[in-house]
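Morning, everyone. I have one structure to walk through today.

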Amino acid sequence: RRSGSSHSRPSRRPRGFYSFRVPNKPELPFPASSACQSDPKLSFPMSSSIMTAMSRFAADVDSRTIAMLGLAVLCAVSPLDISQLVMLLVGAGAYALLQPVQVPAARTQVGKSAKASSGKYVPPALRRGSACSQGYELDACTKASPARPQPARPSQPQGTCVATTACHVSEPTRCQRQPSVQPITAPTFEGCGWDAQVDELVRQLQPTAAGKCSVDRLALRVKRTLRDILPEAEVVAFASGALLRGQCFGVAVPDVDVVVSCSPETLAVRLQAAAARGTKASLSLDERQLQKSALRAFTDRLVASGDFKFRRSAFSADEPKVTLLPSGEGAVPIDLAINCATPLHNAALLMECGRLDPRAQALALLVRRWTRDRGICHVAKGHLSPYAWTLLTIYFLQVGLEEEGPILPAFRGFAVSSSLAGKATGHALQHQAAGTGKSVGTLFMDFVRFYSSSFDFRNEAVSIRTGKRAPPGLALPLHIMLCEDGKSTEVGLCIEDPFDQTRNIGTTMNIVGLERMKQELARAEELFSKSASLSEMLEPWFPEDGPASA
C-alpha cells in the first residue's frame with residue numbers, strides 16, 4: 001500500500017492458487033457438434049488446453065527462468081541435423097494428434113468404475129488417494145470378488161396369482177477367504193455339558209445397566225456432533241444385548257443401532273442450509289434419496305470430528321445405514337441410520353419376549369450370536385438380517401412345539417409391540433407359557449430341527465402376527481431368487497413384518513444365502529448327533545479357499 005493513498009491494491013495470489021467456477025456442464029476435450037468439427041480453427045482439440053497451460057506456466061515463472069529454459073532447449077537441438085529436427089517435429093505432431101483419442105477412452109473407463117462403485121459410500125477423508133485412506137481396508141469379500149457379468153433378469157411367468165410387479169429378484173454373490181489382521185477364535189466356557197455352556201453364554205449376552213449407560217453416551221456424542229447441522233434431531237441408541245468386544249463379524253453386524261429421527265421437511269431445509277455452507281448434501285424430494293443425502297452429510301461431520309471412524313456403508317439396503325467405530329479403547333461398532341424403525345421394533349420384541357418368558361429372549365440372543373459367528377446374518381452378503389432371525393425365533397416358539405404347545409402368543413399378545421403397530425387391544429392378553437420343562441439349550445436344538453426338517457421354505461410364510469402355519473398372504477410380495485446359472489429362479493423365504501403386512505423381510509436373502517442357511521442347519525444337526533460342545537457350534541466361519549467358495 002502506498003503511503004498517503006486512500007485505497008490499496010489487492011495482494012497478489014500465492015503461487016499455485018487459482019480460483020475458478022464450476023460450469024453447469026463439463027467441458028468436453030473435443031467438439032460436441034458437427035458444426036464445431038467443420039471449423040478449421042478447432043481442428044486440433046488440444047490447442048486450447050496447451051495454450052491455457054502455457055499461459056498459466058508463464059504467469060508462474062519470471063523472465064529469467066524462461067531465458068534459461070530457452071537456452072537449454074537451444075543447446076539440446078543445436079547438435080541435430082535437419083533430418084533429426086524434422087523427425088522430432090513429426091513425432092511431436094503425431095503425439096498431439098493421438099492424445100485426444102486416448103483421453104476420452106480413459107475417461108470412459110473411469111466413469112464406468114465410478115458408476116460401479118456408486119453403491120458404496122466412502123467419506124472424503126477415506127477415498128483413494130488421500131492420506132487418511134492408507135489405514136482403511138475394504139471388506140474382504142468386496143476386494144476378493146472378481147468382476148462377473150450380470151445375468152439377465154428372468155421374465156415373469158404368466159398366470160401367477162400374486163402381482164409380479166411386487167416381486168423382488170435377488171442375485172447370488174460369493175466371496176473368498178482373506179487373512180484376518182486379528183484372528184477370532186471360538187469362545188470357551190467353564191461349564192461342562194451343553195445346557196451348562198448355553199446358560200453361561202446366555203448370562204454373558206444379557207443386556208446390563210452398564211451397557212445401557214454406554215449406549216446412551218454414544219447417542220449423546222452423536223447428537224452433540226450433529227447439533228450444527230440438525231439441532232432438532234432426536235438421537236436414540238438401541239443395543240441388542242451385552243456390549244461384547246472382539247467378536248466374529250462384529251463390524252459386519254454391530255450390536256448397537258443409533259437412529260437419528262427428524263421430520264422429512266425439517267431435514268430437507270437443514271440439508272439445504274448445510275449445502276450452502278459447504279457440507280456435501282443435496283436437497284431431494286424423494287424420501288429415500290433424502291435419507292441417503294442426510295446420511296452422507298452426517299457421516300462426513302462425524303468422521304471429521306475425530307470421534308468416529310468410518311467402516312462400511314449399506315445404501316442399497318431397504319433402510320440405508322453406515323457402520324462407524326467410535327474412538328477410544330473398548331469401543332464397539334455402531335450402525336447409524338435416519339428415520340429407521342426396525343431397531344425400535346426389534347428392541348420392543350426382545351423386551352416383551354423377556355417379559356412373557358425369559359427363555360424366549362435368551363433363545364433369541366443365542367440364535368443371533370450363532371448366526372453371526374457362522375456368517376449367515378450379514379445382509380450385504382445376501383443373508384437374513386438379525387431382525388429376521390428374531391422373527392424366526394418368535395415364530396418357532398409360537399408354532400414349532402406341537403407336543404408342548406406354544407410358548408409365545410400371537411402378535412396381539414405383545415402389548416407394547418402391537419401398540420407400536422397401531423393394533424393395541426386395550427389390555428394385555430394373559431398367556432400361559434407351555435413347555436416349561438425345556439431348557440434354552442434344548443429349545444435351540446428344537447429350533448434347528450424345526451427349520452431344517454419341518455418348515456416348508458417354499459409354501460410357508462413366517463408370520464408372528466397370526467402365530468399359525470399358513471402360506472403367504474396375498475398382501476405379502478413374493479421373493480424371487482435368481483440361481484447361479486442366471487436363468488432359473490426359485491421362490492425365497494417369506495417373512496412377514498408384523499408392523500407392516502406388505503413388507504417381506506426375507507428379500508435380503510439370495511440363493512447363496514439360502515444354501516448357506518441350510519448348510520448351517522445341517523451342520524448344527526450333525527454336531528447335535530455327536531454331542532458336540534457349544535464352542536464347536538460357535539466356531540467362527542470363514543470362506544473356503546477358491547473362487548467358488550460361499
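**Packing, surface and cysteines**

Start at Phe444. Leaving aside residues up to four places away in sequence, Phe444 touches Trp194, Leu363, Leu366, Val367, Trp370, Phe528 and Met537. Contact here means heavy atoms within 4.5 Å.

Some ground rules. This is a predicted model, where local features need pLDDT of at least 70, side-chain atom pairs count only at pLDDT 80 or more, and totals for chains, interfaces and linings use all residues. Residues are numbered from 1 along each chain as its sequence is written, and side-chain values use heavy atoms, with hydrogens and water left out.

Now zoom out to the core. Which residues have the most contacts inside the largest nonpolar core? They are Trp370, Trp389 and Phe444, in a core of 67 residues. By nonpolar core I mean a set of buried Ala, Val, Leu, Ile, Met, Phe, Trp, Tyr and Cys residues joined through side-chain atoms within 4.5 Å. Buried is under 20% relative accessible area, exposed is over 50%, and partly exposed is in between, with a 1.4 Å probe and protein chains only.

Several helices each supply at least two residues of this core, among them helix 6 (194-205), helix 11 (358-373), helix 14 (440-454) and helix 15 (511-529). Helix 12 gives the largest share, 10 residues. A second core stands separate, with 35 residues, including Ile229, Leu230, Leu267 and Ala297.

Whole-protein numbers next. The protein has 16 helices and 11 strands. Those are DSSP runs numbered from the N terminus: helices are H or I, at least four residues, and strands are E, at least two. Of the 550 residues, 41% are buried. Take contacts between residues at least 6 apart in sequence: 69% join residues at least 24 apart. Areas are Shrake-Rupley with a 1.4 Å probe; for residues, only the protein chains shown count as cover.

To the surface. Leu344, Met351, Val416 and Leu420 form a nonpolar patch there, about 330 Å² of accessible area together. Patch residues have over 30% relative accessible area and no salt bridge; nonpolar side chains (Val, Leu, Ile, Met, Phe, Trp, Tyr) are joined within 5 Å, like charges within 9 Å. A salt bridge is a Lys or Arg side-chain nitrogen within 4 Å of an Asp or Glu carboxyl oxygen. Helix 10 (342-356) and helix 13 (415-420) each supply at least two patch residues. Val416 sits in helix 13 and is partly exposed, at 37%.

Last, cysteines. How many disulfides are there? The count is 0, with the cut-off being a pair of cysteine sulfur atoms within 2.5 Å. Cys377 is buried at 3% relative accessible area, and Cys483 is buried at 16%.
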